[in-house]
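Please consult the sequence and the structure alongside the text.

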Amino acid sequence: LLPIFFVVALTVKSNPPPPTVSLPLAAALAWLLRLSYFRSDPNCVNAAAIASALGSLSVISIIYGAVALFATMEITGCLRWISMLMKRTAGGHPVAEAMLIGWGFVNIVEGASGFGTPVALGSPILIELGHSPLSAISATLVLDALCTNFGAVGTPVWFGLGQALANSDGFSLSAARAQRVGLVCACLQAVAALVVVPTAASLLSTPATVRKSLPFVWLATLSASGPSVLLALWDYEFSTLGGGLIGFPVILLLIHYRV
């Protein structure tokens, strides 16, 4: 725990160093603890450090793509164009905006790039539509939490969980077991979404307005979470992305026909 406390202590300082300084220092501290306190084999420690550094390139490449997506949309004016399009489509209804942007759009972006991109893209759109920054960020964070297990084409499952279990006492996460984990997660998220999504929508509207629109909210929720569960039967990598790509046009239709 000492390297983690070290990073936290540096971060809460009045003038904190950049992560490019604090994180390598924490890694060096962990390396020293392994060699001195735990008396691990130096060859094993150094080999593990090199392997982890190479493995992190996978995650770095995904984060780079997420940052590049956000920067491209902002520079080209695409973000503002999407905001105007969403405003015209939702007709100013706060619950429709919450489901279209906070749920459908967030599922697509989380499934494609992950790593906080849905909040970085979805929140500015909601703010452009007139919602307070605190409400917009809070709602997108809550809604994004329902689909992060399959973010960035399943990275948390195949990279995070797979790497961790493969390196612990010879226990490996087989493809079949990973798919089982993905299916159980998708089912749990779908059930939780029926309660969490209306609650998050209340942050952008009022509880009374959400209650009046509850059939629409549940239909919009199931339009993404339902396909996500079905896709998890075959593949866990595209569960969130596929659910969002199917759910988003369904939500558009529900709004168009004023359900």
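## Accessibility and the aromatic pair

A residue is termed exposed when its relative accessible area is over 50%, and buried when that area is under 20%; partly exposed residues fall in between. The model under discussion is predicted.

By these terms, Y37 and F38 are both exposed. The count of aromatic pairs comes to one. The rings of Y37 and F38 make up this pair in an edge-to-face arrangement, with 5.1 Å from centre to centre and 90 degrees between the planes.

## The salt bridge

Side chains of opposite charge can pair when their charged atoms come close. The count of salt bridges in the model is one. The partners are the side chains of R80 and E128, with a distance of 3.5 Å from N to O. The pair links distant parts of the chain, since R80 belongs to helix α4 (residues 78-90) and E128 to helix α6 (residues 117-128), 48 residues apart.

The two partners fall into separate accessibility classes. R80 has a relative accessibility of 51% and therefore counts as exposed, the cut-off being over 50%. E128 has a relative accessibility of 40%, so this residue counts as partly exposed.

## The largest pocket

The largest pocket holds about 730 Å³ of space. Its lining comprises 21 residues, of which A48, A49, A51, S52 and A53 are the closest to the centre. Three helices, α2 (19-36), α3 (42-75) and α8 (151-166), each supply at least two residues of this lining. The largest share comes from α3, which provides eleven residues.

In terms of residue class, the lining of the largest pocket consists of 15 nonpolar, five polar and one charged residues.

## The second largest pocket and S213

For the second largest pocket, the volume is about 180 Å³. The residues lining this pocket are A90, H93, A96, S213, F216, L254, I255, R258 and V259. Six of these lining residues are nonpolar, two are polar and one is charged.

S213, one of the lining residues of the second largest pocket, is located in the loop between α10 (207-212) and α11. Because its relative accessibility is 13%, S213 counts as buried. When residues up to four places away in sequence are not counted, S213 touches H93 and V95.

How many cavities of 30 Å³ or more does a search of the whole structure find? The search finds one. The volume of the largest cavity is about 80 Å³. There are 13 residues in its lining, and N107, L146, Q189, S225 and S228 are the closest to its centre. The elements α5 (94-112), α9 (175-204) and α11 each give two or more residues to the lining of the largest cavity. The greatest contribution is that of α11, with four residues. The lining of the largest cavity contains eight nonpolar residues, five polar residues and no charged residues.

S228, which is among the residues closest to the centre of the largest cavity, lies in helix α11 (residues 214-232). Its relative accessibility is 8%, so S228 counts as buried. Apart from neighbours within four places in sequence, S228 is in contact with A186, S239, T240 and G243.

G154 is part of helix α8, one of the helices that supply at least two residues to the lining of the largest pocket. Is G154 buried or exposed? With a relative accessibility of 0%, G154 counts as buried because the limit for that class is under 20%.

From C-alpha to C-alpha, G154 and D235 are 9.2 Å apart in space, while 81 residues separate them in sequence. When neighbours within four places in sequence are left aside, G154 is in contact with Y236 and E237.

Conventions:
Residues numbered from 1 in each chain as written. Predicted model: local features only at pLDDT ≥ 70, side-chain atom pairs only at ≥ 80, totals over all residues. Heavy atoms only, no water. 1 Å grid on protein atoms, 1.4 Å probe; cavity = no way out; pocket = protein on both sides within 12 Å on 5 of 7 lines; lining within 4 Å. Points joined across faces, edges and corners; volume = space filled by probe spheres on them. Nonpolar A, V, L, I, M, F, W, Y, C, P; charged D, E, K, R; others polar. Salt bridge = Lys/Arg side-chain N within 4 Å of Asp/Glu carboxyl O. Buried < 20%, exposed > 50% of the residue type's maximum accessible area, 1.4 Å probe, protein only. Contact = heavy atoms within 4.5 Å. Phe/Tyr/Trp six-rings, centres within 6.5 Å; stacked < 30°, edge-to-face > 60°.
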